[in-house]
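I begin with the sheets and finish with a pair of helices.

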Amino acid sequence: MTKLRAVKGMNDLLPEELGRWRRLESIFRETAERYGFGEIRTPLLEPTELFVRSIGEATDIVEKEMYTFHDKGEKNLTLRPEGTASCARAYLEHTVGAREAITRWYYLGPMFRRERPTRGRYRQFHQAGVEVYGDPGPFIDAEIIDMLVRFLSELGIVDLRVLLNSLGDQETRQNYREALIRYLEPHRGSLSADSQRRLETNPLRILDSKAPEDQAIIEDAPSILEHLSEEDQAHFDGVRRTLDRLGTPYEIEPRLVRGLDYYSRTLFEVQGRGGELGAQNALAGGGRYDGMIEELGGKATPAFGFALGIERLLLAMGEAEDESRPRVMILAANDEARVEAVALARELRDAGFNIETDLRGTSLKSQLRRADRSGAALALILGDDELARGVVQWKRLEGEGSGESPREGIASVVAELLGQKVG
Ligand code: HAM
């Protein structure tokens with residue numbers, strides 16, 4: 001029989017990894033809520049048309065990365081490749097704009113893209129993101145970029161670059177697109193095959209090309225920043241002025257375009273440099289997408305947001321202590337002691353400790369060996385003698401030391417041994 005395995009690029013997350021995940025997620029939630037965001041959860045499946053219309057037909061995501069299928073009712077459905085389109089759909093569907101002038105939503109969850117899997121790039125990956133509706137900026141843009149940078153620094157990710165660009169409004173982009181085509185056309189033959197194709201479909205994405213033969217040509221391409229209208233320029237200056245006031249470091253990158261077609265004006269990406277990131281160094285990205293709500297059939301509504309890749313952040317953070325593992329193991333020598341061990345464990349859990357028991361009936365020696373390897377800090381041991389005398393043996397698993405304490409009041413002894421307050 002062939003071995004059943006998880007789908008390529010889709011990973012199981014086991015308890016020993018999830019401690020770090022949950023810590024990151026809870027800091028993200030706290031940060032978002034401190035900035036006035038409320039959580040939204042949308043379905044993993046959406047009508048395919050939603051993504052085609054919002055993300056754009058000529059993007060890698062829509063062209064080749066979506067998991068799309070017909071359900072039994074012949075509807076064309078797609079596993080969400082990102083969260084922004086779903087939030088915009090929900091915002092429209094629940095006529096949120098009629099009730100609130102400004103809406104701040106955050107989300108966490110799995111996204112699906114059929115990319116080539118490698119370290120830091122998966123087919124099911126996880127994003128945390130925020131979206132703001134109803135504020136045309138520019139100050140909110142800076143507030144949200146700064147929020148992201150502060151969140152990253154709280155996780156200890158400080159070795160990073162914030163790349164900032166403006167794509168201007170629709171007219172600016174149209175003018176720039178024409179200027180770019182005029183510049184690229186004479187170089188057509190020297191461009192990579194992908195870029196030659198994009199010259200017809202999505203010329204701005206050529207600026208994003210990693211192909212070596214494209215680099216010198218891109219280097220000399222006209223800059224979108226030279227095509228900004230007066231209003232675009234004032235908007236960009238407002239974002240910069242606010243970031244400057246906050247002391248948030250950023251670099252202007254006129255070649256930053258990113259892989260989604262919905263952006264207008266402010267566009268940014270945070271790249272990491274440390275940890276085990278490798279080539280997949282884009283930790284987070286986002287920007288303004290003032291046209292999306294209207295594109296989906298609503299009233300013109302300004303919007304701004306970002307999403308970060310949780311797997312990539314964890315890589316950038318490197319290995320960190322998993323604090324969710326049980327700190328205390330309770331071991332027992334025989335069945336009578338095992339009954340007592342269950343009761344003692346419940347008492348200590350009620351006092352706020354993470355407790356694991358070993359009740360299988362193996363020898364104390366093998367239980368101790370397992371406890372040693374478990375990552376727990378402390379073992380409590382019960383046997384006939386301890387039960388008779390109303391005491392508990394303890395042994396430190398991190399560092400040296402062992403002893404015996406009365407069963408009564410053991411919670412404070414455990415707290416002292418773990419160096420924490422009784423819960
Ligand atoms: P994105 O740049 O496509 O933007 O994705 C955001 C982040 O998700 C990336 O910076 C990266 O960390 C992570 N990511 C993307 N693809 C993968 C993958 N295959 N494997 C692992 N991590 C990945 C968006 O998704 C926009 N919705 C962001 C946004 C929100 N713009 C406005 N609002």
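Before reading any sheet I noted that two strands pair if DSSP finds at least two bridges between them, and that strands (E, at least two residues) and helices (H or I, at least four residues) are DSSP runs, numbered from the N terminus. I also wrote down that this is a predicted model, in which local features need pLDDT of at least 70 and side-chain atom pairs count only at pLDDT 80 or more, while totals for chains, interfaces and linings use all residues. Residues are numbered from 1 along each chain as its sequence is written, and side-chain values use heavy atoms, with hydrogens and water left out.

**Entry 1: the five-stranded sheet**

I looked up the strand order and found an open sheet of five strands, β13-β12-β14-β15-β16, with mixed pairing. At the edges stand β13 (355-358) and β16 (402-406), each with a single partner strand, so one side of each has no neighbour in the sheet. Neighbouring strands here are turned by 25° against each other on average, direction ignored; for such angles, axes are lines fitted to C-alpha atoms, for helices over the stretch in contact, and angles run from 0 to 180 degrees between N-to-C directions.

I then followed strand β14 (residues 378-382). With β12 (residues 328-332) β14 pairs in the parallel sense over five bridges, and I found Met329 opposite Ala379. With β15 (residues 391-396) β14 runs antiparallel, joined by four bridges; there Leu378 has Arg396 as its bridge partner, and Ala379 stands opposite Lys395.

Helix α14 (residues 364-374) packs on this sheet, touching β12, β13, β14 and β15, and its direction makes about 175° with that of β12. Contact means heavy atoms within 4.5 Å.

Is β14 covered, or is it open? Five of its five residues are buried, where buried means under 20% relative accessible area, exposed over 50% and partly exposed in between (1.4 Å probe, protein chains only). Leu378, Leu380 and Leu382 point one way from β14, whereas Ala379 and Ile381 point the other way.

**Entry 2: the eight-stranded sheet**

I traced another open sheet, with eight strands in the order β1-β5-β6-β11-β10-β9-β7-β8 and mixed pairing. Its edges are β1 (38-39) and β8 (251-252), each with a single partner strand, so one side of each is left without a neighbour in the sheet. Helix α1 (residues 15-34) packs on this sheet, touching β1, β5 (103-112), β6 (124-133) and β11, and its direction makes about 160° with that of β5.

In β10 (residues 282-288), I found six of the seven residues buried. Six bridges join β10 to the antiparallel strand β9 (residues 264-272), with Phe268 and Gly286 as bridge partners. On pairing with β11 (residues 303-309), β10 is again antiparallel, over five bridges, and Gly287 has Gly305 as its partner.

Which residues meet where α13 and α16 touch? Leu344, Glu347 and Leu348 in α13 meet Ile410, Ala411 and Val414 in α16. By class, this contact has five nonpolar, no polar and one charged residues (Ala, Val, Leu, Ile, Met, Phe, Trp, Tyr, Cys and Pro count as nonpolar, Asp, Glu, Lys and Arg as charged, and the others, Gly among them, as polar).

The axes of α13 (residues 335-350) and α16 (residues 410-418) come within 10 Å and cross at roughly 65°. The two helices are therefore roughly perpendicular to each other, a term for 65 to 115 degrees, with under 35 counted as roughly parallel, over 145 as roughly antiparallel and the rest as oblique.
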